[in-house]
Amino acid sequence: MKDHIKGYPSVNSLSTILFQNGDELKMQNNELIIAISKGNLITRKNDIVNFKTYFSSYQITSNNLIVINQIEFEGHRKLDVLENGVIIISDEFELFGTEIGVYDINLKLLHEFSPVEGGYKNAAVTASGDNVSIIISKERGLGSKYLEIEATNGNIVFQKQIERNLNLVKILSYGKKLIIVEYNKVIFLNAGDVIWEKDIVLPNYDIVFNGSQNAIYYCTKDKLLKLSANDGSELFSKYFSEIYGDVTDTTNLMIRPIVFKTNNSSGKTLILLAETYGGPLLNTIPKLNPKLF
């Protein structure tokens with residue numbers, strides 16, 4: 001009997017699981033892999049003919065997948081898997097969104113709610129410990145809303161109106177501190193209040209908030225930068241060539257040149273220059289040794 005090994009997506013396909021012993025398992029019926037979290041594999045399938053969306057959760061065994069749950073929706077849906085294993089499914093792909101559902105990693109519905117009256121254009125979500133932080137961009141240019149909810153029961157821990165429209169790409173959280181990433185801007189909020197904002201060049205949205213350093217790391221095509229979370233001032237910037245020496249083959253590195261992880265024990269931020277292949281999973285193969293900052 002083979003030892004239990006955790007599967008991971010093949011770098012060649014978003015519908016294939018490549019196990020660590022080299023075995024491959026191809027998903028059936030045009031299922032696409034969204035994420036692997038807490039030992040579960042989450043997939044989606046779009047039925048264009050019947051205008052439906054299907055999501056599935058599988059348990060990963062040594063060399064196979066066991067179906068845990070499958071759910072379906074009328075129309076298009078967006079699914080986010082958060083670091084704490086909470087899954088958020090929203091209907092923002094419709095003309096305008098009205099509902100947000102909170103699920104566990106087995107796709108069991110915990111609760112659903114309407115975040116704003118009149119619908120929303122888009123929503124960005126992130127884990128805040130065991131809770132979920134949500135920024136909603138309201139429909140018809142009516143500003144935005146910040147919510148922090150308890151994942152298990154939907155109780156609102158904190159909420160605040162934001163009197164500006166946000167073009168949401170991504171949000172990061174550290175307690176009540178939030179980083180909002182727009183297409184060409186980073187906005188820092190504390191308890192829903194805008195503390196500072198900064199225009200930046202962030203082509204791939206690789207950004208991390210290191211709470212122990214109270215600092216933000218992000219990268220451009222060829223440079224690593226660090227900002228103070230107090231005021232957005234630049235603390236340092238380094239070209240990758242300064243960190244790693246000459247990098248000759250940058251073909252794949254241009255797609256997503258850096259992977260960020262915060263080391264909880266050391267309080268430092270790890271960066272990993274990596275080859276990356278496209279798709280929502282952003283699969284990576286280490287290119288050079290990781291560095292801590």
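# Aromatic contacts, cores and sheets in a predicted chain

F55 and F73 are both buried, where buried denotes under 20% relative accessible area, exposed over 50% and partly exposed the range in between, with a 1.4 Å probe and protein chains only. The model is predicted: local features require pLDDT of at least 70 and side-chain atom pairs pLDDT 80 or more, whereas totals for chains, interfaces and linings use all residues. Residues are numbered from 1 along each chain as its sequence is written, and side-chain values rest on heavy atoms, with hydrogens and water left out.

## Overall composition

The chain contains 1 helix and 28 strands. Helices (H or I, at least four residues) and strands (E, at least two) are DSSP runs, numbered from the N terminus. The chain has 293 residues, of which 48% count as buried. Contact means heavy atoms within 4.5 Å. Among contacts between residues at least 6 apart in sequence, 36% join residues at least 24 apart.

## Aromatic pairs and charges over rings

The structure holds 5 aromatic pairs. Rings of Phe, Tyr and Trp (its six-membered ring) pair if their centres lie within 6.5 Å; planes under 30 degrees apart count as stacked, over 60 as edge-to-face and the rest as tilted. Two of the pairs are tabulated here.

| Pair | Distance of centres | Angle of planes | Class |
|---|---|---|---|
| F55 and F73 | 6.0 Å | 65° | edge-to-face |
| Y217 and F236 | 6.3 Å | 65° | edge-to-face |

Y217, in strand β21 (residues 215-219), and F236, in strand β23, are 19 residues apart, and their pair links distant parts of the chain. Y217 counts as buried because its relative accessibility is 0%. The pair of F55 and F73 likewise links distant parts of the chain: F55 belongs to strand β6 and F73 to strand β7 (residues 65-74), 18 residues apart. Elsewhere, F188, W196 and F209 are joined by ring pairs into a cluster.

F236 also has a charged neighbour: K238 lies over the face of its ring, 5.8 Å from the ring centre. A charge sits over a ring if NZ of Lys or CZ of Arg is within 6 Å of the ring centre and within 35 degrees of the ring normal. The charged end of K45 sits over the ring of Y54 in this sense, 5.1 Å from the centre.

## Nonpolar cores

A nonpolar core is a set of buried Ala, Val, Leu, Ile, Met, Phe, Trp, Tyr and Cys residues joined through side-chain atoms within 4.5 Å. The largest one has 17 residues, and I88, I100, V132 and I134 touch the most other members. Two or more residues each come from β10 (100-103), β12 (120-128), β13 (131-138) and β14 (144-150). The largest share, 4 residues, is that of β12. Residues up to four places away in sequence not being counted, I134 touches I100, F113, A123, A124, V125, K145, Y146, L147 and I149. A second, separate core has 14 residues, among them L172, I179, V186 and A229.

## Strand pairing

Two strands pair if DSSP finds at least two bridges between them. An open sheet of 4 strands runs in the order β12-β13-β14-β15 with antiparallel pairing. β12 and β15 (156-162) stand at its edges, each with a single partner strand, so one side of each lacks a neighbour in the sheet. Neighbouring strands of this sheet are turned against each other by 15° on average, direction ignored; the axes are lines fitted to C-alpha atoms (for helices over the stretch in contact), with angles running from 0 to 180 degrees between N-to-C directions. β14 and β15 run antiparallel and are joined by 6 bridges, and E148 stands opposite F158 in β15.

Strand β22 (residues 223-228) pairs with strand β23 (residues 234-239) in the antiparallel sense over 5 bridges. L227 stands opposite E234 of β23. The hairpin of these strands has 5 residues between them, and G232 takes a positive phi near 85° there.

## Positive phi outside glycine

K38 is not a glycine, yet has a positive phi of about 55°. K38 is placed in the loop between β4 (32-37) and β5 (40-47) and is exposed, at 56% relative accessible area. F51, also a residue other than glycine, has a positive phi near 55°. F51 is found in the loop between β5 and β6 (52-60) and is partly exposed, with a relative accessible area of 42%.
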